[in-house]
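Reader: I would like a close look at one part of this model, with its surroundings and the charged pairs elsewhere in the chain. Please keep to what can be computed from the atoms.

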Amino acid sequence: MKRTLIVANWKMHLNTSQASLLLHRLHERIKIHRDIEIVLSPSMLVLQPLSLQIDRRKFRLAAQNAFHKDEGAYTGEVSFTMLQDLVHYVIVGHSDRRYKFGEGLDTVRDKVAAAVRNGIVPILCVGETKNERLQGETMQVLHDQVVSAVSNLTSREIHDIVIAYEPVWALSSGTDYLHHEIPKPGDIAKAVVAIRNDISELYGKKASESVRVLYGGSSSASTARGLMEVEGIDGLLVGGASLNYHEFSGIVDGAYRMRRAEEG
Ligand code: PEP
């Protein structure tokens with residue numbers, strides 16, 4: 001059985017001491033569980049100090065972004081090569097990057113390939129905007145984003161990647177996650193089927209089953225279990241609620257209880 005994956009996207013929040021304090025609090029509350037993988041994604045600046053503090057049996061680190069060239073005259077950028085020893089994962093194609101920083105399909109594809117080339121697992125975010133949803137374009141958007149992002153991967157490389165279904169309209173502004181609209185379980189399940197079908201058509205059924213698919217968008221301790229129970233969902237990408245240790249440890253707790261129930 002695949003390990004449940006819970007990813008905390010801290011976005012552009014928390015300086016080094018605030019991040020260290022949050023890690024300390026999470027460490028006190030979160031237990032080691034062999035079937036659950038917890039990944040923290042702080043700002044680039046905080047990755048190094050956090051890597052020295054982290055209990056690697058409990059937590060792994062992810063970068064929120066990186067540049068797809070391995071080195072060169074790219075002032076201000078950090079490459080996947082530089083992150084190799086620091087992180088297991090990297091978030092790629094997040095809607096903040098697509099829509100606030102103009103990252104198009106080609107850039108996302110290059111970043112996915114660069115991550116894999118450097119031994120870092122990409123967490124590829126895909127999802128439709130509110131307008132695309134209202135126009136009935138959700139499936140086409142998911143198809144375009146998934147197919148183009150993985151197009152430079154080999155059939156061996158595809159197995160390890162993670163895809164997060166993050167409908168852009170469901171993402172919180174950081175603090176309103178408890179009151180935000182989230183998709184119906186049936187709609188999430190349909191999106192997951194569409195994502196796996198795309199992978200299956202390109203790389204076969206086995207690959208489509210081994211790719212882990214997460215849901216992201218305004219999840220919280222009270223909604224996490226229901227979201228994780230959606231058919232085909234292997235975990236959550238959590239934004240706003242991951243900055244609050246009660247909420248985030250509650251989400252992890254939901255995952256524990258779910259895995260225990262499955263184990264019977
Ligand atoms: C995100 O931005 O990746 C995210 C999941 O945010 P939130 O949970 O705050 O909607």
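Author: The expected span of a helix is 1.5 Å times one less than its number of residues. The model is predicted, and the part taken up here is helix α8, residues 185-203. With 19 residues, α8 reaches 27 Å from its first C-alpha to its last, close to the 27 Å expected at 1.5 Å a residue. Just after α8 comes Gly204, with a positive phi of about 100 degrees.

The buried residues of α8 are Ile188, Ala189, Ala191, Val192, Ala194, Ile195, Arg196, Asp198, Ile199 and Tyr203. These residues pack against several elements: the strands β5, β6 (162-165) and β7 (212-216), and the helices α7 (138-149), α9 (205-210) and α10.

Ile188, one of the buried residues of α8, is 39 residues from Leu227 in sequence, and their C-alpha atoms are 8.6 Å apart. Ile188 is also in the contact list of Leu227, which leaves aside neighbours within four places in sequence; the others in that list are Ile182, Tyr215, Ser219, Ile233 and Leu236.

Strand β5 is another element against which the buried residues of α8 pack. The loop between β5 (121-126) and α6 (130-134) is the place of Glu128. Glu128 is buried yet has no salt bridge. Its nearest side chain of opposite charge is that of Arg133, 4.6 Å away, whereas a salt bridge needs a side-chain nitrogen within 4 Å of a carboxyl oxygen. What the side chain of Glu128 does make is a polar contact, at 2.8 Å, with the side chain of Trp169. Not counting residues up to four places away in sequence, Glu128 touches Arg133, Thr138, Val141, Tyr165, Pro167, Val168 and Trp169.

Glu128 has no salt bridge, but the structure holds 20 of them. One of the pairs is Glu37 with Arg3, whose closest N and O atoms are 3.9 Å apart. This pair links distant parts of the chain, with Glu37 in strand β2 (residues 36-41) and Arg3 in the segment before β1 (4-9), 34 residues apart. Glu37 is buried because its relative accessible area is 4%, while Arg3, at 32% relative accessibility, counts as partly exposed.

Arg57 and Asp55 form another pair, with their side chains meeting at 2.9 Å, N to O. Here Asp55 is buried, with a relative accessible area of 14%, and Arg57 counts as exposed because its relative accessibility is 61%.

A further salt bridge joins Arg109 to Asp106, with 3.6 Å between the closest N and O atoms. Both residues lie in helix α5 (residues 105-117), 3 residues apart, about one turn of the helix. Arg109, at 23% relative accessibility, counts as partly exposed, and Asp106 is also partly exposed, at 47%. Elsewhere, salt bridges that share partners join Arg3, Glu37, Arg60 and Arg212 into one network.

Technical notes:
Residues are numbered from 1 along each chain as its sequence is written. This is a predicted model: local features need pLDDT of at least 70, side-chain atom pairs count only at pLDDT 80 or more; totals for chains, interfaces and linings use all residues. Side-chain values use heavy atoms; hydrogens and water are left out. Helices (H or I, at least four residues) and strands (E, at least two) are DSSP runs, numbered from the N terminus. Buried means under 20% relative accessible area, exposed over 50%, partly exposed in between (1.4 Å probe, protein chains only). Lys and Arg count as positive and Asp and Glu as negative; His and the chain ends are not counted. A polar contact is a pair of N or O atoms within 3.5 Å; within protein, one must be able to donate a hydrogen and the other to accept it, and residues adjacent in sequence count only if both atoms are side-chain atoms. Contact means heavy atoms within 4.5 Å.
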